[in-house]
Amino acid sequence: MGLFDGLREVLGIRAEADATRKADPDDLFGMSTAYVTMEAELGYASVGEAALCFSEVDSADFADAVEEVHEILEVGAEETGTEPEARTDDYGYSWVILRDDDFEDLVTSLNFAADTLMERGYGSRLLAALFAFEKSDASHRTGGGGTADGRYAYWVYSFRRGAYYPLVPKGTSDRDSSAEFKLESNLDGELDIEENKEYWYALLPSSPGKHPWE
């Protein structure tokens, strides 16, 4: 996973010091209507994946909390069909990855995961939630599921800022600012968007056409 300036600094210590409002897992439900706008007005369809990123704590209690998260998701999977996956990236950050063609199930499951960690007293370990989209009219897709140019679009919720921002990676070292500003313009008012673009952190993938958590 390629990140600018280090994930711990940009989504952790630095953002916490500059926090403008308390994060609330219920903010994630804002995506339940925003995804309709993404598809109907902007031509972006959900790829059926979302992810929660958090930093670990070396303690038995935290391990129990994470286990509880996965137990809740496994039980929920029997009802919703949402498939959970646990992954630790090369930087030592943990991800809960969810896959489901029903977008509202993705939102609900991600909310359960974040809310559980907060209730267990580990809200400060939550870094970001990501919802992945791609142009629904793409005529060709890569083997990795991306559009022809290997790009996805994301809405990122920063738990340290309590706000959303758009992210459109361009390869592994750049981003499409024009596409991000268009997303901001169309979803402003529907989502609580981070006004200070200094906090639109680039969670970039390590390979073109891949997600940041891959």
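Modeller: Gladly! One cut-off first: a residue is buried when its relative accessible area is under 20%. Keep in mind too that this is a predicted model.

Colleague: Thanks! Is Phe103 buried or exposed?

Modeller: The relative accessibility of Phe103 is 3%. The cut-off is under 20%, so Phe103 counts as buried.

Colleague: And how far apart in sequence are the parts that the pair of Phe103 and Phe133 ties together?

Modeller: These two rings form a tilted pair, 5.7 Å centre to centre with 35° between the planes. Phe133 is buried as well, at 0% relative accessible area. Phe103 belongs to helix H4 (residues 103-119) and Phe133 to strand S5 (residues 126-135), so the parts tied together are apart in sequence by 30 residues.

Colleague: Nice. What kind of aromatic pair do Tyr157 and Phe159 form?

Modeller: Both Tyr157 and Phe159 are buried. Their centres are 5.0 Å apart and their planes make an angle of 90°. Planes over 60 degrees apart put a pair in one class, so Tyr157 and Phe159 are edge-to-face.

Colleague: Which ring does the charged end of Lys135 sit over?

Modeller: Look 4.5 Å from the charged end of Lys135 and you reach the centre of that ring. The ring belongs to Tyr44.

Colleague: Last one: what is the mean pLDDT of the protein?

Modeller: Of its residues, 83% reach 70 or more. Where pLDDT is low, the predicted coordinates should not be read in detail. For the protein, the mean pLDDT is 84.

Conventions. Residues are numbered from 1 along each chain as its sequence is written. This is a predicted model: local features need pLDDT of at least 70, side-chain atom pairs count only at pLDDT 80 or more; totals for chains, interfaces and linings use all residues. Side-chain values use heavy atoms; hydrogens and water are left out. pLDDT is the predictor's confidence in each residue, from 0 to 100. Rings of Phe, Tyr and Trp (its six-membered ring) pair if their centres lie within 6.5 Å; planes under 30 degrees apart count as stacked, over 60 as edge-to-face and the rest as tilted. Helices (H or I, at least four residues) and strands (E, at least two) are DSSP runs, numbered from the N terminus. Buried means under 20% relative accessible area, exposed over 50%, partly exposed in between (1.4 Å probe, protein chains only). A charge sits over a ring if NZ of Lys or CZ of Arg is within 6 Å of the ring centre and within 35 degrees of the ring normal.
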